[in-house]
Amino acid sequence: MQVCLNGTRSAADGAGIPLSPEAMAESAAEAVAAGATDLHVHPKTPCGRDTLSPRVLARTLEAIRARVPVPVGVTTGAWAEPDPAVRLERVRSWAGLPEPPDHASVNWHEPGAEDVAAALMEMGVRVEAGVWTGTDGAARFSASALAPGVFRVLAEVTDPEPASAQRSALALLSELGSAHGRPVLLHGEEGGAWPVLRLAGRLGLATRVGLEDTLFLPDGRAAGSNAQLVAEAVGVHGRARRVAQDQSGRIAPHGARPTAADSRRRALRGRRRPDRSSG
Ligand SMILES: C[C@H](N)CC(=O)CC(=O)O
């Protein structure tokens, strides 16, 4: 369970969004205590903008690592530095960091994505390939020579509608196919966050949650913190997984335990039928 602490959100999204290195570290510590095993963070300038600045990255990573022992990943999103050449230079400058991030997400549909991924791999930073619905990211990833070398695929469902997000997720997973054999972390956002997290549980896939993806708990109440979201998510994901295993166990011959790959294949086969699940 990855926690995505802040994303592109700002103070306008609520007082609970961690924006300074110290606030991110505090929120990370609480989230890890609640069950998070991995972090995704957007380092911010003092005025709250996403940045790829090595100075800010160093301060942010140092503060977080002083509080938690789990891997820490950062964004390389093009919104932080829209010029692909400048973005690449910024990312290359991370080679001078005392301790670079453990991993970094690269949005595969963005201009210059493969150059950024190659630079990260060269400096030993593991790459999470961000493949978004509604983009040509999946097609680009399937054709990419770098794909077999990524750490994992982030299957990112940007469909914010609770009623359609699971369908969008299944379509994305179908496009990704075997994902070059790389592990897949599936997540949604806004109104799609909880339905997609449940689907990830049913399919036996890793997932993430945090104030980047949603400001609300499954019952619609405002989330007070990343830790609160993580605690809920661990329960929701685990329950969805157990229900799927029980259902599959009932139809598996001789009680054979179905694997995550079996669940995923079954879901993809059935995806042309209307989704009648409560989500
Ligand atoms: C769709 C996600 N909000 C984008 C994301 O989480 C990846 C990144 O930071 O680059």
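**Close-up views of a predicted model**

A search of the whole structure, which is a predicted model, finds one cavity of 30 Å³ or more. Local features need pLDDT of at least 70 and side-chain atom pairs pLDDT 80 or more, while totals for chains, interfaces and linings use all residues. Residues are numbered from 1 along each chain as its sequence is written, and side-chain values use heavy atoms, without hydrogens or water.

**View A. Lining of the largest cavity.** The largest cavity holds about 30 Å³ of space (a cavity is a set of points on a 1 Å grid over the protein atoms alone where a 1.4 Å probe fits but cannot get out, and lining residues have an atom within 4 Å of a point; the volume is the space filled by probe spheres set on points joined across faces, edges and corners). Its lining consists of His187, Gly188, Ala193, Leu197, Thr207, Arg208, Val209 and Asp213, with strand S7 (184-188), helix H7 (193-203) and strand S8 (208-209) each supplying at least two residues (helices are DSSP runs of H or I with at least four residues, strands runs of E with at least two, numbered from the N terminus).

**View B. Strand S2 and its covered faces.** In strand S2 (residues 38-41), Asp38 and His40 on one side and Leu39 and Val41 on the other are all buried, that is, under 20% relative accessible area with a 1.4 Å probe and protein chains only.

**View C. Parallel neighbours of S2.** Strand S1 (residues 2-4) pairs with S2 over three parallel bridges (pairing requires at least two DSSP bridges), and Cys4 has His40 as its bridge partner. Three bridges also join S2 to the parallel strand S3 (residues 72-75), where Gly73 stands opposite His40.

Definitions and conventions: Buried < 20%, exposed > 50% of the residue type's maximum accessible area, 1.4 Å probe, protein only. 1 Å grid on protein atoms, 1.4 Å probe; cavity = no way out; pocket = protein on both sides within 12 Å on 5 of 7 lines; lining within 4 Å.
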